[in-house]
Amino acid sequence: MGASVLVKGTTNGTITDINGKFTLTNISPTNKTIIVSFIGMETQEVTIKPEMKIVMTSTTEVMEEVLVVAYGTAKKSAFTGSAKMIHTEQITKRPVTNVIESLSGQVAGLQMTMTNGQPGETPSILIRGISSMSAKTDPLIVLDGMPYEGGWNNINPADVESISVLKDAASTALYGARGANGVIIITTKSAKAGDAKITVDAKWSANTRGEIEYDYIKDPGEYYQAHYKALYNYYLNAQGQTPDQAYVSANTNMIGTNSQTGGLSYNVYSYPEGEYLIGKNGLLNPNAKLGRIVNGYYLTPDNWVDAVYHTALRQEYNVNISGGSDKAQIYASFGYLDEDGIAEGSDYSRITGRLKTTYQAKPWMRFGANISYTHSTQNSAAGGFSQAFNTAPIYPLYLRDTNGKIMQDKNGDMYDFGVSNQGPLNRPINPNSNGIKLSQLDTYNTSANTLNGDAFIDVNFLKDFKFTFNAGTSIRDSRYKNALNPFYGTANSLNGSINVQHWRRTTLNLQQILNYNHSFGLHNVSLMAGHESFNNVYEELYAAKNSMFSFFQNQELNGAISGTNDESSYKSKYNTEGYLFRGMYDYDGKYFFQLSYRRDASSRFHPDNRWGNFYSVGTAWILTKEKWLDDIKWLDLLKLKFSVGQQGNDRIDDFLYVDTYNINNSNNELSLGFSRKGNKNITWETNTNINLGIEFELLKGRLSGSIEYFNRRTTDMLNRFSVPLSLGYSGYYDNIGDMNNKGVEIDLKYIPVKTRNVTWNIGFNATHYRNKISRLAESKKTDIIDGHAGYVNGLYYYGEGLPMYTNYVQKYAGVSEEGKPQWYYTDKQTGEMKTTTTYSQADLYLCGDAVPDLYGGINTSLSFYGFDFSTQINYSIGGQAYDYGYQALMSPPTSTHLGYNVHKDIYKAWSPENTQSDIPQWQFNDLYSVKTSDRFLTNASSISIQNIQLGYTFSKKTLRSLYLTNLRIYVACDNVYYWSKRKGFDSRVTWNGNKDSSGEYSAVRAFSAGLSLQF
């Protein structure tokens, strides 16, 4: 499409159409040769014949790329928008369950977070920054041309041919109401005409715990020493005791059961009677031996974290068959995935199937269908991660008899739940709980089925016209079951409990599209007009019961007898309708212009405000087609592009435009209770995008890339407004507020070596942007901080002229001369900053924000004599995140906070011998030393080796005797390692700086091996 065809020695020429066809008229007998050229292709001179087939050969890899864009494809050279395309080779390098995970670090402007490593979990995505305060910010997913609501995990990565990430208005405007947060287009594999090809892929992975631990105290003796020190300082300083008295009080109360005096309850050491566990030197009694019998149980500590996690196996097998004739092609695939979780009670399994076919029924008519089915089962761990992270290394995990042997009951090993009626003692931390045992028994099961089907028909008529009708539907059905055992834990008193939730989402998408393509001379025109409707129906049913008859044999509602009056069901509908138009024009493959327009309606708004208009205008200029650049031989391509446009965001809750009520039972009579105040004036959040970019290619394709500037402005942001409760409701939503994201993206590819047997590629992308709230509603401006009008929201201050996630907390001022924590406050008289040891007197200050200064990825691949090596590195520089894990580990024991793990940094705490420390004195019942402040705001910079892979592809000569056409084997490691500001702190789990990864299901490190063969 768009190749220039010129009769040599004349000005008579044309441009090829979308199918590569062209017609030349007014050919004189003296004309013998035509010149065919296209950016990125070798220019060819061909002898003129009545019918010709000309095969272009590529000079580089970059510009022959065809991008999958909104409602079609486009040559990269002709594309005026901003998009990045990832191909199947990059997608399948990592052992990912979710196809979207493969984008991590590979697309400039895309941020991805994964909050935990539970099998089957899905990531969160931002494209070009934060765009809303209240509406959802995740991008629209389009699968094979149709908006997709079937769940990312239900797309088998082995079926995917490419993923396109559309980032600016020129590329997303045609999606109107749903395109404001970017669009991710997933294209599945299709068959090609020719002999059938059978491909078999197999992958095996050993999954291990991938998180890095904080540097906390793991030795039980050291822990008792630390706890003793806190109590000793308390009795010495707060209670006024002498050193000898404080020594006795600390030793005595430390192993007691009274939480008011710091009792840990459990003493797991034995030592001679009359001696104390801790000596006057603050160290463990040298006569103390680990192990102690209490109330008929042998107490010895266990490593809870090691007990939570284990090495788990992941196995995946995929088979696909493709082939066909010039008229009919068919692609069929089958996939099986079985992933054991690294934590007890967690796993994920999936079976997928796909059948995709096209048929050229007539020269003017083609139709096809694409149907896929996925069945998945996910078991989630009951928990125990937080308990394992927090529990001090002095507490037993199991119940042991007096001989030290783990006790057994009908449910296997017996575990210590920390209650004296089921074990030796009452544990101060998480009593009546043992998350590891509960993970073995309790059920958190989700079983889902997803059926997705698309069909199309293309009709060509009047030479330049094509009409396309697309129909797509998906049915996603999920059943969640949660059964809590009657033997131990919180459901013991209920004799077990069961709750069941079933939901179904059904969608129908219809598209009618008319295309017109015409070329005349050096001019090429492409027009498209269409109509699209989308219908989404969601239904849910929920019920719960207690007192189960047989926990293991009947985990159903009919297997329990006690109702909870907690039954509900509801149904919601969401519809959109849109009319769309796109016009594209180019002259001589040099100047490109594009106009897109869409008028959309959404059922989430009042009928008076339901319709919105969205547009984009884009232009591009390939400067290297100008004669005045012909002499610069090292410059293969230089392209400028610009676009501007608007999209909408309707990703908000349903029925915000109308008052809603609850139906209640009032003495067996129907009654209505007010639920939420509606606002009929609610309308779209609107994103206005400006994109200015340059694409280049140098040194015969050795160096290529792009640099883009974007300015993304969100207007009419949805905000909740509080009102006096005397009005009968607490608040309502309205569209008042603007936000802006400005930034620069760089995407580079360099080929240092390219020979017959060796190729080395290096890729680099980087994004820098700044976020700013530019306007807030007057009623929201309740404060003015440093000249910024706005309001407080938790740890953040939302103010005009500030980034959205600006921290607003107390400033830590170190330690006083007495070892007490200090904070700053501003003297109202002089304006000076002073210090105080009284937390309530401390002022709050603006303390930076969560937005990184720079983020992106680095990748390299090397192929040599059949071997291939690749690695992917992700990085993020700057921004701040709150380190909740470190804050928890630095918390001193109090009467309500006993038996928790502590960080080794407490050894650096202030003492009369260490007065230069900025860590407060380690003392029992100090309620203020770890109060919220910028002390725990931490540089969120990180770098992670995401993937390393080494493979070998056997030569054709070797495979001939095996009747194979391709065979590749490989080994790989995923989530290899990461570095952050503090050991144990993982800032990758959040982009708002306010997410605690400690105590969550650990990220997974995978060691993999696999093979791919084709015959």
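1. **Ground rules.** This is a predicted model, where local features need pLDDT of at least 70, side-chain atom pairs count only at pLDDT 80 or more, and totals for chains, interfaces and linings use all residues. Residues are numbered from 1 along each chain as its sequence is written, and side-chain values use heavy atoms, with hydrogens and water left out.

2. **Helix α4.** Helices (DSSP runs of H or I, at least four residues) and strands (E, at least two) are numbered from the N terminus. At 1.5 Å a residue, times one less than the number of residues, the 12 residues of α4 (243–254) should span 16 Å, and the end C-alpha atoms are 16 Å apart, which agrees. Buried residues (under 20% relative accessible area, 1.4 Å probe, protein chains only) of α4 include Ala246, Tyr247 and Met254. Part of what covers the buried residues of α4 is α3 (220–238).

3. **The β46-β47-β48 sheet.** These three strands form an open sheet in that order, with antiparallel pairing (at least two DSSP bridges between two strands). β46 (812–815) and β48 (833–836) are at the edges with a single partner strand each, so one side of each has no neighbour in the sheet. Between β46 and β47 (821–826) there are two bridges; Tyr812 has Trp823 of β47 as its bridge partner.

4. **Asp159.** You will find Asp159 in the loop between β11 (146–147) and β12 (160–166). Asp159 counts as buried, at 3% relative accessibility. Its side chain makes polar contacts (N or O atoms within 3.5 Å, one able to donate a hydrogen and the other to accept it; residues adjacent in sequence count only if both atoms are side-chain atoms) with the side chains of Ser333 at 2.8 Å and Arg354 at 3.3 Å.

Technical notes: Buried < 20%, exposed > 50% of the residue type's maximum accessible area, 1.4 Å probe, protein only. Contact = heavy atoms within 4.5 Å.
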